[in-house]
Amino acid sequence: MTWLTEWAGYLPQMMSGLGASLLIAGISIFFGYPLGLALSLMVTAKNLAVRTLGLAVVEIGRGAPALVILYLFYYGLPKFGIAFESITAACLALTWNSAAYSSEIMRAGLQSVARGQLEASNALGLSQRDTFFRVIMPQGMRSAIPGLMGVAIQMFQGTSLAYAIAVPELMKSAYNIGSQDFNYLQIFTLAGLCYAAISMPATWITVFFEKRMARHA
Amino acid sequence: MFHLLTTWKITMPLSEIADGRIAPRFGIKLDNISKHYGDHVVLDDVSLHVQPGTVTALIGPSGAGKSTFLRCINLLERPDSGTIQVAQHTIEPGKDVSSRDLAALRRTVGMVFQSFNLFPHMSALKNISFPQQKVLGRSKEEADERSMQLLERVGLKEKASQHPGRCSGGQQQRIAIARALALDPGIMLFDEPTSALDPEVGLEVLAVMRELAADGMTMIVVTHEMQFARDVSDTLVVMADCKIIEQGDPRAIMSDPQEARTRRFLRAVLER
Amino acid sequence: MTIMLTLSAFAIGIVGAVPLAVGLSSSNILVRLATRLFVDLVRGVPIIVWLFLLKFGIQIGTFKFNPVAAAVVGLGVVSIAYLAEIYRGGLQGVPRGQGEAANALGLTRGTTFYRVMVPQAFRIVSPSIATYLTGLLKDSSIASTIIVTEMVFQSQAFARQHPSVEGILPYIIVGILYIVLSLPVAYLSRRLDSRMRKAVYA
């Protein structure tokens, strides 16, 4: 019971941290998805140079740990005179991350569109533009939705890494509170519950979507 | 069955464009079409001339190249060599084809697929109207009016707002036929239009195709429906081993095939 | 250290996930709900929170986790949850007809499960497991935040000692190292996959 009362006391500070976490996740998704779509097109482009560039951006974004990219933006780039606020660096790093992951999911989604759809569009004489934007993309994006929601959850959890570059997000708030009275067990449990309170329902919604779409496929 | 066709011809042809005008009928000349994938030959120097307003049925064992040949006509498959003449256009697919020629070809030639290939994210009406707006530049009102007219003719007016997923296979295929007709094609290609359907459901699709044939639409039909091939087609073309081995009057070929390979195939499909 | 962390956590995960996967596909609704809740809870909390909880939060008498132990246990527990979910998907991916056929042949439940379902499920999940392993490799970097001297920690230390213009280099090198380290896993899984495909279909 005492835990609950103490948690109530911590909550205001935790909530502002949670707000920062949600903001960073929101920004990285908002910019990451469109960039991901662009990357997925680059990766499937005919032009070798475009394809190689796209592939490199995707593979680094997925292959290197988010923490490393975070450090690269925050500690690495300032040495070239490009300095960011810690929160900006976090947004940039996670945007790269989410763009790379979502590009793979979108590419798979676009490729899952039945070949017949392309053939029908061609046979009808639709332009390449119309074929892509009106026929292929709406279908491909639809099947990518659960995966993209997964990326969003992953990004939200990923914001916890921004702690490492002193962004005042949820994890950092928890750490600050904890270092005042060394009640680490309590405070990190509360932090974990905060993350879970958002991630778990989001996962359930994703699974629900996935099941519904499997039924209608 | 055959005399039924005359009663089928009702007041308004299925392929009417507007005010009783009918889309111009085109013939098609395909000469020396060849295609291979790597070492594997799919079409070996195939030629076929189709007169305007006639129905050609393409039959033969699977793997004979029927579908590939049909898909070469509107360049869904790119032949390695040969010439295609449709209306006033001559296309040599072995060389570079300008996008203008390609667009003109595909506007003249409508196609119906075995797996319907309706756009699942659009309603039946939208499936038919959307290409009209984009390809022919019709206004939404014009396009919708034409679509509704065609949906009524294929007996699916009440399905206009439904998505393809809510329609049976036979209904989807009739919508697909309406979608192709809406672009006022001079020639219609059918790639095994009833193969994915239950036999009974296939009948409703065949009925629409019979009506279209009676209108005088130029049609090339890849099919396993021997009854349809015999009753409706003007020319029967038998393909085997990447070639056309026999062509002519359907009744004559079916009752008295000249080639041993044709005989073997017909025996297999007719005497089961 | 990075490799050691990854492999020990992976070993914990791959074994520990088995009972959970069985629980997740149990016909008893209570067992299923309990395991489901556990798995989702573990996955719903970021790894860094687990590590901090173990490293700083747990103190029983004089016992405290040292950084490496906290990292191994934390990553291990998270692996258990993720892999359990992957196993469950694999078991579900085996066509229902297989179980029915085995039942119809009169095979016992144990034989059906271990000799019919599991081998097929394993083939289905092996690509996902490989993907998870590369993910785990990257996640092990998080251990640097609780002062485990793995690759990222080393690169940071190096960057701090050499505050020159090339300070960006350690991060680039360590990033490339992660990608290089994940290559053998990807290669092995592709070989394993094609081998098993051949074994089944040839």
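**A chat about chains A, B and C**

Guide: Helix α3 (residues 99–108) of chain B lies across β6 and β7 of chain B, at about 115 degrees to β7(B). Axes are lines fitted to C-alpha atoms, for helices over the stretch in contact, and angles run from 0 to 180 degrees between N-to-C directions. Contact means C-beta atoms, placed from the backbone, within 7 Å. Helices (H or I, at least four residues) and strands (E, at least two) are DSSP runs, numbered from the N terminus.

Visitor: What kind of model is it, and how is it numbered?

Guide: This is a predicted model: local features need pLDDT of at least 70, side-chain atom pairs count only at pLDDT 80 or more, and totals for chains, interfaces and linings use all residues. Residues are numbered from 1 along each chain as its sequence is written, with chains lettered from A and ligands numbered from 1 in the order in which they are written.

Visitor: Which strands form the sheet in chain B, and in what order?

Guide: The order is β4-β3-β6-β7 in chain B, an open sheet of four strands with antiparallel pairing. Strands pair if DSSP finds at least two bridges between them.

Visitor: Which strands stand at the edges?

Guide: β4 (40–50) and β7 (89–91) of chain B. Each has a single partner strand, so one side of each lacks a neighbour in the sheet. The twist averages 15 degrees from one strand to the next.

Visitor: Which helix packs on β3, β4 and β6?

Guide: Helix α2 (residues 66–73) of chain B. Its direction makes about 120 degrees with that of β3(B).

Visitor: How many bridges join β6 to β7 in chain B?

Guide: Three, between β6 (residues 81–86) and β7(B). Ile84(B) stands opposite Ile91(B) there.

Visitor: Switching to chain C. What does α6 span?

Guide: Helix α6 (residues 109–139) of chain C spans only 38 Å between its end C-alpha atoms. A straight helix of 31 residues would span 45 Å, taking 1.5 Å times one less than the number of residues.

Visitor: Where is the kink in α6(C)?

Guide: At Val125(C), shortly before the proline Pro127(C). The kink is about 45 degrees, the angle between axes fitted to the seven residues ending there and the seven starting there.

Visitor: And how many residues do chains C and A bring to their contact?

Guide: Chain C gives 28 residues and chain A gives 32 residues. On the chain C side, α2 (29–44), α3 (47–57), α7 (151–161) and α8 (169–201) each supply at least two.

Definitions and conventions
Contact = placed C-beta atoms within 7 Å.
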